[in-house]
Amino acid sequence: MSRLNLQLPGLELKNPIMPASGCFGFGREYAQLYDLSKLGAIMIKATTVETRKGNPTPRVAETSAGMLNAIGLQNPGIDKVMGEELKFLEGYDVPIIANVAGTEVADYVEVAERISKAPNVKALELNISCPNVKCGGIQFGTDPATAKELTAAVKAASSVPVYVKLSPNVTNIVDIAKAVEAGGADGITMINTLVGMRLDERTGKPVIANGTGGLSGPAIKPVAIRMVYDVYKAVNIPIIGMGGVTCAQDVIDFMSAGASAVAVGTANFVDHFVCPTIIEQLPNALDALGVEHISEIIGRSHR
Amino acid sequence: MIRQEKMTVVAQAQIATNIFELTLQGQLVQDMTPGQFVHVKVSDTFEPLLRRPISIANVDKEKNEFTMIYRAEGRGTKFLATNREGQMVDVLGPLGNGFPVEAAQPGQTALLVGGGIGVPPLHELSKQLNARGVKTIHVLGFQSEDVCFYEEEFTALGDTYYATVDGSKGTKGFVTTVFDEVKPEFDIFYSCGPLPMLRALEGYYPEKEGYLSFEERMGCGIGACFACVCDTTDKIEKDYVKVCSDGPVFPKGVVAL
């Protein structure tokens with residue numbers, strides 16, 4: 001497996017594949033299906049200070065080659081995440097990237113400070129891009145100055161490197177990327193979901209109770225690839241790419257565009273074994289490209 | 001144990017208007033209990049994208065076969081209906097917690113109440129209850145006669161009453177209309193169907209032990225995505241449950257109706 005190992009700030013990855021936050025819970029369910037130690041890392045579900053109930057149902061709706069969701073960052077709060085979920089994950093040899101969310105700067109700082117001390121949390125993913133909550137999501141991620149300020153505050157509080165998850169729901173994602181880099185971000189994860197809506201064929205009303213939802217799945221891959229490509233040119237910190245990844249070729253595409261590692265989201269719902277399957281497929285994909293080590297393909301589209 | 005398996009289509013038949021019965025063969029049948037469900041990938045592409053949760057209507061562990069009955073209404077289930085004998089279907093399962101067959105004691109009588117596409121899981125349940133020496137009474141509600149199915153199968157297992165909204169079969173009205181007419185005597189009830197029916201049932205027999213099977217839009221089907229959560233009553237400590245992994249069957253009174 002040494003053809004696949006990678007080093008990113010805080011992260012010693014056996015391979016570049018990790019389930020994306022929100023698509024893998026805290027790992028317990030998938031642990032019934034395969035050994036989580038096979039994964040490069042796990043991006044756990046967003047964690048807030050208090051228990052968060054989330055949005056009313058229906059929370060998901062299918063679209064063409066995609067899915068809308070409006071879960072609303074439901075989570076049991078940091079005490080339970082640290083005391084139960086992260087403890088459970090200590091049973092596996094896999095670095096954890098903790099997704100940190102809040103409603104104001106102080107919340108983010110508190111979660112970051114505490115959760116970054118968990119022994120298996122090797123990096124944070126700062127959630128400034130959730131489109132499905134009224135407070136504490138996307139409004140932090142659409143203004144460069146706010147994004148920079150929050151990044152700096154969380155960076156100062158965290159004991160581990162901080163990656164910032166960018167939203168595609170902005171006019172210029174490169175501006176936000178530069179801002180979080182200036183705020184001290186160690187890396188960028190991108191992209192979060194695109195705000196979308198589906199109407200019920202009979203009633204003409206939105207299917208999702210929240211009205212809008214975040215679009216994910218294969219439908220958004222071209223958008224994500226373009227954004228990774230643009231941001232790679234503009235920043236000097238590593239990118240973890242995501243958006244519609246379903247197979248080894250998608251991983252090659254994201255890394256070619258400039259990602260140093262790749263997260264798999266909605267595909268985990270469609271093929272519950274997709275992450276280990278991709279990891280198994282990657283050596284053959286590298287052979288087909290005539291490449292010995294996976295790091296050789298990072299950013300090759302720019303060369 | 002949950003498995004993901006390419007199962008072989010043994011038979012596919014239309015048994016009522018838009019209602020199909022699909023029989024699949026594979027190893028994961030060995031772990032099935034009544035009331036559990038499977039998550040089916042209906043096409044080999046990403047269109048439609050998500051798997052479909054479908055209940056288990058019959059289990060034959062000797063033949064390694066199970067049957068599911070579904071309504072071909074949306075894009076996914078219409079796709080599923082095109083499968084023919086010998087084709088392979090990607091199935092994840094069995095999932096969730098089924099009906100507690102052992103909650104009914106031998107010699108007791110169980111009332112099984114189903115509505116529409118909630119009726120199929122009651123068939124395997126009834127078979128297993130009968131095998132345990134529990135008498136079963138079935139009250140099944142449908143929109144109209146043309147979408148009714150499994151009349152002979154249910155009748156062979158116990159007294160079976162129908163309610164149809166348009167009155168084309170059995171009692172005109174809902175399952176509760178049948179309760180008023182027949183006044184069934186029983187010890188325990190099990191039910192699967194639309195939420196208003198489950199709510200009515202819970203209110204109708206407040207003194208009886210009962211188990212309800214719920215349906216909610218799902219993403220992953222295994223409890224990771226938090227799409228199918230339901231609020232709970234104050235009878236249990238948790239403030240929410242997930243239909244896919246905590247359910248789909250819950251004791252009466254757990255889910256806030």
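Predicted model: local features only at pLDDT ≥ 70, side-chain atom pairs only at ≥ 80, totals over all residues.

## Contacts of Lys205(A) and the surrounding loop

Neighbours within four places in sequence aside, Lys205(A) is in contact with Arg198(A), Leu199(A) and Asp200(A). Lys205(A) belongs to the loop that joins β11 and β12 of chain A. Its relative accessibility is 57%, and because exposed means over 50%, Lys205(A) counts as exposed.

Asp200(A) is likewise placed in the loop between β11 (194-196) and β12 (213-216) of chain A. With residues up to four places away in sequence not counted, Asp200(A) touches Lys205(A) and Val207(A). Is Asp200(A) buried or exposed? Its relative accessibility is 17%, and since buried means under 20%, Asp200(A) counts as buried.

Chain A contains 9 helices and 14 strands. Its radius of gyration is 18 Å, close to the 19 Å that the globule rule gives for 303 residues, so chain A is as compact as a globular protein of that length. Chain B contains 5 helices and 16 strands. For its 257 residues a compact globule would have a radius of gyration near 18 Å, and the 17 Å of chain B agrees with this.

| Property | Chain | Value |
|---|---|---|
| C-alpha extent along principal axes | Chain A | roughly 50 × 45 × 40 Å |
| C-alpha extent along principal axes | Chain B | about 50 × 45 × 35 Å |
| Buried residues | Chain A | 62% of 303 residues |
| Buried residues | Chain B | 59% of 257 residues |
| Accessible surface | Chain A | about 10,800 Å² |
| Accessible surface | Chain B | about 10,500 Å² |

Carbon and sulfur atoms supply 51% of the accessible surface of chain A, and 49% of that of chain B belongs to these elements. Of the contacts in chain A between residues at least 6 apart in sequence, 72% join residues at least 24 apart. In chain B, residues 24 or more positions apart account for 61% of the contacts with a separation of 6 or more.

Chain A has 26 positive and 30 negative side chains, with the centres of the two sets 3 Å apart. Chain B has 24 positive and 34 negative charges, and their mean positions are 4 Å apart.

## Helix α4 of chain B

Which residues of helix α4 (residues 175-182) of chain B are buried? They are Val175(B), Thr176(B), Val178(B) and Phe179(B). These residues cover an arc of only 155° around the axis, which puts them on the same side of α4(B). An α-helix has 3.6 residues a turn, so residues three or four places apart point the same way.

The buried residues of α4(B) pack against several elements of chain B: the strands β8 (109-115), β9 (135-142), β10 (158-164) and β11 (171-172), together with the helix α5 (195-204).

Lys183(B) follows α4(B) and lies in the loop between α4 and β12 (188-192) of chain B. Although Lys183(B) is not a glycine, its phi is positive, at about 50°. Lys183(B) has a relative accessible area of 60% and is exposed.

## Further backbone features of chain B

Phe226(B) is another residue other than glycine with a positive phi, near 65°. Phe226(B) is found in the loop between β13 (209-213) and β14 (229-231) of chain B. In terms of accessibility, Phe226(B) counts as buried, at 6%, whereas Lys183(B) is exposed.

Another runs from Gly247(B) to Pro248(B), with omega near 10°. Pro248(B) is placed in the loop between β15 (240-242) and β16 (249-251) of chain B.

Definitions and conventions:
Residues numbered from 1 in each chain as written. Chains lettered and ligands numbered in written order. Heavy atoms only, no water. Helix = DSSP H or I, 4+ residues; strand = E, 2+ residues; numbered from the N terminus. Rg over C-alpha atoms; globule rule 2.2 N^0.38 Å. Buried < 20%, exposed > 50% of the residue type's maximum accessible area, 1.4 Å probe, protein only. Contact = heavy atoms within 4.5 Å. Areas by Shrake-Rupley, 256 points an atom, 1.4 Å probe, with all protein chains shown as cover. Lys, Arg positive; Asp, Glu negative; His and termini not counted. Charge placed at Lys NZ, Arg CZ, Asp CG, Glu CD. Arc of directions from axis to C-beta.
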